[in-house]
Amino acid sequence: MEKKMRFGIKSKIIIGYLIVIVCLFIAFIVLNSQISSLQKERNFIIDHDIEVHDLTNRIEKHLLDMETGQRGYIITGEASYLEPYNSAASSWEKDYNALYQLLNNNPNQQEKLEKIKGSIQDWIEAAGEPTIALKKENNTKELQQFFEKDPGRQYMDDMRSQFTSFRNVEKKSTETRATELDEKNQKIKIGLYGLLFFVTLISLVIAVVLSNSIVNTIKEVTQTIKRITASKGELKGRIKVRSNDEIKDLGLATNALLENIEERNWLQTNLAHAVTMYQGIASVDKLAEKFLFTISEMTGASFGAFYVREENDKGNLFVKQAAFADQKSEAGRASFLIGEGLIGQAALEKRTFVINDVPDTYQLIASGLGDVKPKSIFIVPVLFEDEVIAVIELASLHEFTALEQELISQVIETFGLTINGVIRRMEIARLLKESQAMTEELQAQSEELQTQSEELQMQSEELRMINEQLEERTKDAEEKSFELEAAKEDLEEKAHQLELNSQYKSEFLANMSHELRTPLNSILILSEMLEENAAKTLSEDEEEYARIIHSSGKDLLALINDILDLSKVESGKLDVLLAEMNMSELPDQIERNFSHVAEQKKVQLKINKAQDVPDIIHTDEKRFQQIVKNLLSNAFKFTESGSVTVSIQRVADHRLTTAMRTIDTDCWLEIAVADTGIGIPKEKHQLIFEAFQQADGATVRKYGGTGLGLSICSEFAKLLGGWISLSSEVGKGSTFTLYLPSLSNGLIDYEKVNFAYEEVAVSVEEAEPEAEITEIDHPVQPVEPSLQDDENVFQDKRVLIVDDDQRNIFALKTALAKQGMTIMTAHNGIECLEMMKNSEPFDLILMDIMMPQMDGYEAMQKIRGELKLVDLPIIALTAKAMKNDREKCLEAGASDYISKPLDLNQLFSVMRVWLVN
């Protein structure tokens, strides 16, 4: 840091005079500049304003010459009068331009000049040139007419008025400039007086400042010495001299004396405090912590360690008992031997080390913002009876001063005695504590024996009470078992009665159908013969009666057949005969059977057959034809105008649902019958597939029918392995779609397939716009998944299905086996645990919750707890779907949760996540 420049009293006086001279010189320069500016403004007023007035008069003179020449030529006709006219006409614009340029800083006057110029030009064009031209043509008559009006006179009057106004403005401008010049001259005078006052004031201020700087400094030194004298030993006050002169030398000498006295007082005070701080401390570690904290506070140390001597097999070992500002990582040595390292050398030589040149590898001092390298290290041994019993090492961010080193040395002189006394007291306290511990241990053992005896008595009493409770529960269980057995017998009896009732109903319908067919056959034959009227003996009305009887008989026969078919389906006695069916002939058959109906109702019949439809499929052709005819009959029945469209196509592989894939088939067909009829309300889509139900169910109906057709079609579709879906909107028409498999490998297990469809019911998604499948509320209707199964994930995975419902097991087992998985099943939690103990490990478990003997909650808890299979994925399946079921399943040990009815897409997605992870 640069030394402050010395500034003596003599120098201060000389600089004061120089400042006054400089101020006078600056005042002279400013005054001269103002006078020069005033002279320039005066010259501008004289030159500018005179030239403006001169140019104005010259322009006005040119205008007067032009008027005089014009009038003289018109009166006399002599050409000499045109010379002043022409000369003025060519000169006035030059003077005008010069005047306009001179006023470029006065836009208002320039605007007036432009108006004067316009008036001059207007006079020349209106009065000057036209009259001269008339005179040259000697057109006296028009000249006389012109001067009778004399428009030129008005122009001249306007120009004189404009020139007068222009000169008045210029005169006012000249007066304004003269006034401003006078004001500026007055300001210069005032400024001159002010400058004189300012220089005088500066001189006085400099004189006062110089005198005060000398006198005040002397006073401050005197007052400080007086305060220190009156403070009774308080030496913190210092003489502060801001000036760098002879007085400062006096102050510095006085401050040096005070600092020396203050250091001696500080040393004595801290030494007395350090000696008294050890009282009442009974352990070495507390003593070490207290010592380090106190010494660090006195000396400003930032890091410290306290080592105490301990005797062992290797000799005297110094162990760290305390540290100040130590890091969490326990930096530094935990112990050292005599002569080991610099600190060991200090213990060996019994002398103090002070190191100010600290190497870079030394322990850093940690703070909240980072680590800092210390600047000084102080190592001092503590002696007792000329033996080193402790070593203290301190580190600081500043170098230890001689005063701080002296303080530590004086404190250490008596500190060894204190450490030795604390060690002796600790040994006595340890022996006393061991004696007390042994006494307490014997007393505790005696109490423990007494407590065990009391516990044994209590356990014996509890066992007696538990035995009594078990006997009561055994009796209750036997009574409930008898009640359940009786309830089971009642249920079996009721089930047998229901089976007999169903059998009686089916037999009654079959017998009644047979009995009705016999007389109905005669009625149909005879009515048909009467309708033909071969002998021509009947009138037209009688022929119409015969046709009505024959038609009614056919309707009654169809009704009997429908009832019989429905009865056979319900009783399971309807035979399905699978055989090859030629699909290429189907469009022609539909055309032959319904073209005349379409013509009668004036409805267009459209038949579309896709190219990918196989020519041969395997199904019951009779039932298939019955379904198609019934759907077409309904379509024509409820369509008054428009069209009926039949679409036949093959279901693409990517649209096959999981339920479709479970059926062993060559392909799936989709036959859609769409009409533009009355439509069906959405709330009645399910109702129309029930027996004896119609969308128009009122007592007064527009369309007839028994309501059995769609019910029978739905049942036939089930028997053939398919289903019927409905899409309809009131007023726009309906579309019935039949989905049917080709059963080349024989019949399927209809009951299990139906159960599978009911249990694994998922929503329909649109795969292609031209092949839309609309969902209806039907128990056997399978649907499409939107995602393809990942066979690589599911292939050869071992999955355990735990469920007490055989239908659920069959549905899930069929769907999962299609994905390449190995499936094992258990009917309750007990079977599940036994299989997991006795078979190979499983990759995943599907766990039902509500099961007999052991439910899913208990089974999952045992898998996680007893079997220790914490990583095995377990997916809980439940149909309860109550608010807290998910949380209960996860708490019991489930990895994930899915509620019934199952969505196969969701099930496969969850399984895929857990199998991959």
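Trainee: Which residues carry the UniProt feature "transmembrane region"?
Mentor: The unreviewed UniProt entry places that feature at residues 13–32 and 190–210. UniProt positions follow the numbering used here, feature names are shortened, and annotations may be inferred rather than shown by experiment. This is a predicted model: local features need pLDDT of at least 70, side-chain atom pairs count only at pLDDT 80 or more, and totals for chains, interfaces and linings use all residues. Residues are numbered from 1 along each chain as its sequence is written, and side-chain values use heavy atoms, with hydrogens and water left out.

Trainee: What is the helix content of residues 13–32?
Mentor: Residues 13–32 are 100% helix and 0% strand, with end C-alpha atoms 30 Å apart. A helix here is a DSSP run (H or I, at least four residues), a strand is a run of E (at least two), and both are numbered from the N terminus. Residues 190–210 are also 100% helix and 0% strand, and their end C-alpha atoms lie 30 Å apart.

Trainee: What makes the nonpolar surface patch?
Mentor: Val22, Phe25, Ile26, Phe28, Ile29 and Val30 make it, over about 600 Å². Patch members have over 30% relative accessible area and no salt bridge; nonpolar side chains (Val, Leu, Ile, Met, Phe, Trp, Tyr) are joined within 5 Å, like charges within 9 Å. The areas come from the Shrake-Rupley method with a 1.4 Å probe, and for residues only the protein chains shown count as cover.

Trainee: Why is Val30 called partly exposed?
Mentor: Take its place first: Val30 is in helix α1 (residues 9–76). Its relative accessible area is 44%. Buried means under 20%, exposed means over 50%, and partly exposed is in between (1.4 Å probe, protein chains only). Val30 falls in between, so it is partly exposed.

Trainee: What makes the patch of negative charge?
Mentor: Glu471, Glu472, Asp476, Glu478, Glu479 and Glu483 gather there on the surface. Asp and Glu count as negative, Lys and Arg as positive; His and the chain ends are not counted. Each charge is placed at CD of Glu, CG of Asp, NZ of Lys or CZ of Arg.

Trainee: Why does Glu471 count as exposed?
Mentor: Glu471 sits in helix α9 (residues 402–532). Its relative accessibility is 52%, so Glu471 passes the cut-off for exposed.

Trainee: How do you know that Arg464 and Glu468 form a salt bridge?
Mentor: Check the distance: it is 3.0 Å, N to O. A salt bridge needs a side-chain nitrogen of Lys or Arg within 4 Å of a carboxyl oxygen of Asp or Glu, so this pair qualifies. Both residues lie in helix α9, four residues apart, about one turn of the helix. Arg464 has 41% relative accessibility and counts as partly exposed. Glu468, at 41%, is partly exposed as well.

Trainee: How many salt bridges does the rule give?
Mentor: The count comes to six. One of them joins Glu349 and Arg351 at 2.4 Å, N to O. Glu349 is partly exposed at 35%, and Arg351 is partly exposed at 40%. Another pairs Glu866 with Lys862, with the closest N and O atoms 3.1 Å apart. Glu866 is exposed at 52%, whereas Lys862 is partly exposed at 21%. Salt bridges that share partners also join Glu461, Arg464 and Glu468 into one network.

Trainee: Why is Asp848 called buried?
Mentor: Its relative accessible area is 7%, so Asp848 falls under the buried cut-off. Asp848 is in strand β18 (residues 844–848). The unreviewed UniProt entry places "modified residue: 4-aspartylphosphate" at Asp848.

Trainee: What about Phe146, buried or exposed?
Mentor: Phe146 is buried, at 15%. Its helix is α4 (residues 140–149). Phe146 and Ala127 are 19 residues apart in sequence, and their C-alpha atoms are 8.7 Å apart.
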